[in-house]
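Let's take a walk through this protein, one topic at a time. Keep the sequence and the 3D view open while you read.

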Amino acid sequence: MITVFLIATSISSIVLQNCLFNNACKTKLKTAKHINSFNMIVYSVRVLIFGLLLLKEKLSVFTILLGLIFGVVTMLSNFYKMIALSNGPMHITLLITTSSMIIPTMSGIFFGEVFSAAKLCMVFLLIVFIYLSFQKSSETKINKKWIFYSALAFIFQGTVGVLQKIHQSSIHKTEVSGFLFVAFICAIVFCFIRNRGFNQEIKLGKKTVFIGLICGGCSFGMNYINLKLSGLLPSQLFFPLVNGSVIILGSVMSACIFKEKLSKRQTVGLIGGIVSLIAICLVP
């Protein structure tokens, strides 16, 4: 029951953050330096919370070193995802980045998890239905820059999942707060270096700062919970379940909250995606 609650909380945090990211990228964050400044706010919230939790934990050299790598990869994942959102459609961008779950899902083989061909088939079927749930309009603009940034986001987001699995498969898996504290300190420093320090010309409005603080809270929830869940659940179940749910829930929200109508193709994709998720959980 606790695991179900954690999964639901993680999914909700990701969906909210994706919506806020998309809004900020398309309306407020005009340059790469703006995105780096925004991300420093997001990471600062994480560092504050994980720093408080760290008081109860010990920190190993393994966790510190892996945390540094995780921080850089996470920062690059968010950065290129946000750049892609700025240059292209949200639905296809999220489709590409969500499909990165293939990387950590396949990595389960190297952690002694039983390989299930049936589950793998369901994963690919889920991706097909996710594709169907998004209908390309005549206004959708596809350019090489957007494709390049989306591909980088795909690679780095998939690597994030693998690093989570590595840490939670080690003897240091209880050092969750320390791992994430080190990671986001590193991410802040990396953003600072990329921006070449604090630039007075880069100004974020109060609304944007507030959005960044909310995203920081969402990020804390999903990073802490996902790191725990990656050690509790098999890769072939955890990554497709969380990532697939995020996309499908986003479609449901767009229809129910934002009153966006679903075409027949999108309806088939939505229903098929839900069925695929259930199959992933039930197929041995």
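## Buried residues and overall build

Of the 284 residues in the protein, 52% are buried. Keep in mind that this is a predicted model, so every value here is computed from predicted coordinates. The protein exposes about 13,800 Å², and carbon and sulfur atoms supply 71% of that area.

What is the secondary structure made of? It comes to 11 helices and 0 strands. Reading from the N terminus, the order of elements is α-α-α-α-α-α-α-α-α-α-α. Now look at the contacts with a separation of 6 or more: 92% of them are between residues 24 or more positions apart.

## Aromatic pairs

A pair of aromatic rings is described by the distance of the centres and the angle of the planes. There are 11 aromatic pairs in the count. Take Phe70 and Phe179: their ring centres are 4.9 Å apart and their planes are at 45°, so this pair is tilted. To count as tilted, the angle has to fall between the under-30-degree range for stacked and the over-60 range for edge-to-face. Phe70 belongs to helix H3 (residues 61-87) and Phe179 to helix H8 (residues 176-194), so to speak a link between distant parts of the chain, 109 residues apart. Are these two buried or exposed? Phe70 has 0% relative accessibility and counts as buried, and Phe179, also at 0%, counts as buried too.

Next up are Tyr80 and Tyr149. Their ring centres lie 6.0 Å apart with the planes at 20°, and because stacked means planes under 30 degrees apart, this pair is stacked. This pair also links distant parts of the chain: Tyr80 is in helix H3 and Tyr149 in helix H7 (residues 144-168), 69 residues apart. Tyr80 is buried, at a relative accessible area of 15%.

Tyr43, Phe50, Phe184, Phe220 and Tyr224 are linked by ring pairs into a cluster.

## An arginine over two rings

Which rings does the charged end of Arg194 sit over? One is Phe79, where Arg194 lies over the face at 4.3 Å from the ring centre. Another is Phe190, where the distance from the charged end to the ring centre is 5.9 Å.

Find Gln17 in helix H1 (residues 2-27). Gln17 has a relative accessible area of 2%, so this residue is buried, the cut-off being under 20%. Leaving out residues up to four places away in sequence, Gln17 touches Arg46, Cys215, Cys218, Ser219 and Met222.

Ile7 is in helix H1 too. With a relative accessible area of 12%, Ile7 is buried. What does Ile7 touch, not counting residues up to four places away in sequence? The list is Leu229, Leu233 and Leu241. Ile7 and Phe238 are 231 residues apart in sequence, yet their C-alpha atoms are 8.8 Å apart in space.

## Ile214 in helix H9

Ile214 sits in helix H9 (residues 206-232). Setting aside neighbours within four places in sequence, Ile214 is in contact with Leu16 and Leu20.

## Out on the surface

Which residues make the nonpolar surface patch of about 410 Å²? They are Leu59, Val61, Ile64, Leu65 and Leu68. Val61 lies in helix H3. At 60% relative accessibility, Val61 is over the 50% cut-off and therefore counts as exposed.

Lys56 is in the loop between helix H2 (32-54) and H3. Its relative accessible area is 80%, so Lys56 is exposed. Follow the chain 121 residues from Lys56 and you get to Ser177, and the C-alpha atoms of the two are separated by 9.0 Å.

Methods:
Residues numbered from 1 in each chain as written. Predicted model: local features only at pLDDT ≥ 70, side-chain atom pairs only at ≥ 80, totals over all residues. Heavy atoms only, no water. Phe/Tyr/Trp six-rings, centres within 6.5 Å; stacked < 30°, edge-to-face > 60°. Helix = DSSP H or I, 4+ residues; strand = E, 2+ residues; numbered from the N terminus. Buried < 20%, exposed > 50% of the residue type's maximum accessible area, 1.4 Å probe, protein only. Lys NZ or Arg CZ within 6 Å of the ring centre and 35° of its normal. Contact = heavy atoms within 4.5 Å. Patch = residues over 30% accessible without salt bridge, like charges linked within 9 Å, V, L, I, M, F, W, Y side chains within 5 Å. Areas by Shrake-Rupley, 256 points an atom, 1.4 Å probe, with all protein chains shown as cover. Salt bridge = Lys/Arg side-chain N within 4 Å of Asp/Glu carboxyl O.
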